[in-house]
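This briefing sets out selected local features of the model shown here. Please read it alongside the sequence and the coordinates.

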Amino acid sequence: MGIVAGLDSSSEFTRIVVCDADTGAVLRQGYAPHPVEAKATEVDPQVWLLSLGEAAGGGLLEGVQAIGVSAQQNGLVPLDAQGGPVRPALLGNDKRAQVAAADLIDGLGGRQAWAEAVGCVPQAAQPVAKLRWLARSEPEAAQRIAALMQPHDWLVWQLLGRPARRTTDRGAASGTGYWSAGTGSYRPDLVELALGHPCALPDVLGPAEAAGTTPEGLLISAGTGETMAAAFGLGLGVGDAVVSLGASGSVMAVHHEALADPSGMITSFADATGMHLPVVHTLNAVRALRGTAELLGLGDLAELSDLAMKSTPGSSGLVLLPYLEGERTPQLPHTAGTLSGLRRESMKAEHLARASFEGMLCSLADAMDVLRSRGVEVRRVFLLGAAAELPAVQAAAPAIFAAQVVVPQPADYAALGAARQAAWALGVAQGTLSPQSPPAWQGAAVQVFEPGDELAVGLAVRQQYGATRDHIHPGAFSFGG
């Protein structure tokens, strides 16, 4: 069918993969860092274009027929009536809108009202909260805002030469706080509630639709957010969940419908295929491992894993509730972590090491239970993040999650997902693919770990953890095992 490209403009860099449109085989790759500090909370969006141009240098895109764009989520690019940025783009890691998010929750009548309206409860990272912050903190700039875009929307618009029509996709739109994955429509009243006046919003394209074609004949697909692009690049389907092991953690799964959760624990995203990606976040994951390694005087997480493997399931009765930064699931924002079960025989370094891994995984299993309790099927669990390679994680996760665990080899899955979307849009435009059936690219290379005979052991570890959690925080969590 041809050659396609996918680019991922993350918070720190741009990666481009050039792929065979039929098989997904990677032919060429490009990379360039963004010329800004990694922890910046706002940035001139032009730096994304500069990075893109550098990554695409050396004839990387020669022969490419279609491009898909993935980009960092929760960014806000506010535009004036002429299409220029009113101010630098606000990024997802900007926490200044926490009070604004709380104001919006009250302004609409509470968490349940928001969950029913758009499938999520406002958080500081979301564009809707950033709008309220702008209205309160920079009223003159806020008054000039005539249109709203996110990073992937803006990049697609630039690649197309800034046409009159601006577009987005349902995946990126579902993270704004003013588009509902459940109804597939905007809530412009929520934009007005946040900002004080209405704004132009980009058209939401279907998964296989093209955003347009450049004057040179290059087709640009709808694009999407990084989370949705990575799920598409991994080839996820119903029955698959992804557990992301960063400093904080998240559990997301492919589901056939949007889930409205009045507690706010579930964020109801749309995916890049027409399905849904409900997500549950935890504030603590690998940070609990790093804290334990530092406490034990270990050099890195590999040493912690080796030490944990000298213990046994259940950590000799030692339980770590890893709520070191407070917790979001369950909602305990002001709590601290707890180490329980200290006895003379359990006060050994290897048991504490094992308890840190079991505590992290049980906390994520609690998050997974939030989804399972709403009818989400989980047969396979994809583990992402460097910690997924640790033997202590791979040994304990299948039994604790009560599912097959899959560890994909490291790859640019968001860029691959963007390229797969480009191949889909190209195939539809050429009449060789259906809008309902994406190209069947080869899946990721993976390691597979089965729970096998350890299911009962995993259940016992979960029960020990759950009993401790419910004793220390009674009533805080109603889904755990």
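Met347 lies in the loop between strand S21 (338-340) and helix H12 (349-372); helices (H or I, at least four residues) and strands (E, at least two) are DSSP runs numbered from the N terminus. The model is predicted: local features need pLDDT of at least 70, side-chain atom pairs count only at pLDDT 80 or more, and totals for chains, interfaces and linings use all residues. Residues are numbered from 1 along each chain as its sequence is written, and side-chain values use heavy atoms, with hydrogens and water left out.

- Met347 counts as exposed because its relative accessibility is 53% (buried is under 20% relative accessible area, exposed over 50%, partly exposed in between; 1.4 Å probe, protein chains only).

**The seven-stranded sheet**

- An open sheet with mixed pairing has the strand order S18-S19-S17-S16-S22-S23-S24; two strands pair if DSSP finds at least two bridges between them.
- Its edge strands, S18 (266-270) and S24 (446-449), each pair on one side only.
- S16 (residues 239-245) and S22 (residues 378-384) are parallel partners over six bridges, and Ser244 has Leu384 in S22 as its bridge partner.

**Helix H9**

- Helix H9 (residues 226-234) is largely enclosed by the rest of the structure, because seven of its nine residues are buried.
- The buried residues of H9 are Met228, Ala229, Ala230, Ala231, Phe232, Gly233 and Leu234.
- Gly235 follows H9 and has a positive phi, near 80°.
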